[in-house]
Amino acid sequence: MAALRWPDGVACASCGSTEVIRTKGRSVPGWRCRRCRRYFTVTSGTALHASKLALADWETAAHATDDSPAGVAALLGVSAVTARRVSGALRSVGIPPGEGRLAGILAMPPVSRQAPAPPGSVDPLAGSPEAHRRILAALRVRFGGATAALTAKDSGVSVSHTRRCLRRLESEGFVRCRNARIPWGYRHRTVRLWELRLTDKTLDALPRLPWRPASGERSARVPPEYWWLFWSSTSAADLRLPDDSLQVAGTLVGGPDFRARAWALNCLPVEALAQLRTMRGYDTGDIAEMLDSAVAERGGGRMGRHAVGRPEDPALVEPRV
């Protein structure tokens, strides 16, 4: 693959220098540039950058005559989502199967992870650090706001640096901070929440932000901020997931809190949502449509506006529209 990408010899993916040295002791073989001192691999700066597939799988797919999603899935044994992405990359180069197709894929630029900006608009975040964009992207999916610690967890930035960036973004008019009293368990707690300020400048910046779903592992219990919705004799603290998923789904999906409903549709097992859809009171109207949408979206392996697996933090996620 290195010979296909660099027929005249390996060149740095950043500065183009041919003064490179082979690196050892790394899990992924690569080179380091003597001029800019940057490490790179054969996929750096290409459409294969950060791909989860092994290079051998890409080579196999490039030589396959059947480049349809079904053919790729059968050949590589990957999921339907991965097969569609690989098939799209193979067909986008417009080259017949073989080494030429693989060389064409290596010549493709990396796929942008942020939405295209409106033509003729000015980037309000021009010159800002990358951490600012990541923090704003994390707050974008926290409709009701988030603490600095949760924002740091979502954006992958340290907590101390997140606080500094939030204060800078506040002075520039992108975010604001407020004290909020939120339900936590069967009590309330006061927290400092950061949220976006929906000004013209912020709205111009949103299309330029990378899509960064909220992080976190799937919880084994109901988030404490939704305990107050369980009015029956069973304490929400005693409910465990996935064993009590159907009871939790029935309470939160049909409840009055839209944030709890969004959490349930995105985090509870699909089987519980499908079973709830067949029960009286949930088989007609808007609730039935929401359940159908969640089951179809998550059961089909597609990611919608809300990532599956919201954490149990007081995230106040954006409602499903």
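Let's start with a helix pair in this predicted model: helix 6 (residues 130-140) and helix 7 (residues 148-155) have axes that come within 9 Å and cross at roughly 110 degrees. Angles of 65 to 115 degrees count as roughly perpendicular, so that is how helix 6 and helix 7 sit relative to each other. On the helix 6 side, Arg134, Ile135, Ala138 and Leu139 make the contact, and they meet Thr151, Asp154 and Ser155 of helix 7. By type, the residues of this contact split into 3 nonpolar, 2 polar and 2 charged.

Now for the nonpolar cores. The largest one has 23 residues, and Val248, Leu252, Trp263 and Leu268 touch the most other members. Two or more residues each come from helix 10, helix 11, helix 12 and helix 13, with helix 11 giving the largest share, 5 residues. Leaving out residues up to four places away in sequence, Leu268 touches Leu241, Ser245, Val248, Ala249, Trp263, Leu273 and Arg298. Another core, of 20 residues, lies apart from the largest one and includes Leu125, Leu136, Val175 and Trp194.

| Helix | Residues |
|---|---|
| helix 10 | residues 245-253 |
| helix 11 | residues 258-267 |
| helix 12 | residues 270-277 |
| helix 13 | residues 285-299 |

One more residue to look at is Gln247, which is found in helix 10. Its relative accessibility is 32%, so Gln247 counts as partly exposed. Gln247 and Ala272 are 25 residues apart in sequence, and their C-alpha atoms are 8.8 Å apart in space.

Technical notes:
Residues numbered from 1 in each chain as written. Predicted model: local features only at pLDDT ≥ 70, side-chain atom pairs only at ≥ 80, totals over all residues. Heavy atoms only, no water. Axes fitted to C-alpha atoms, helices over the stretch in contact; angles between N-to-C directions. Helix = DSSP H or I, 4+ residues; strand = E, 2+ residues; numbered from the N terminus. Parallel < 35°, antiparallel > 145°, perpendicular 65-115°, else oblique. Contact = heavy atoms within 4.5 Å. Nonpolar A, V, L, I, M, F, W, Y, C, P; charged D, E, K, R; others polar. Buried < 20%, exposed > 50% of the residue type's maximum accessible area, 1.4 Å probe, protein only. Core = buried A, V, L, I, M, F, W, Y, C linked by side-chain atoms within 4.5 Å.
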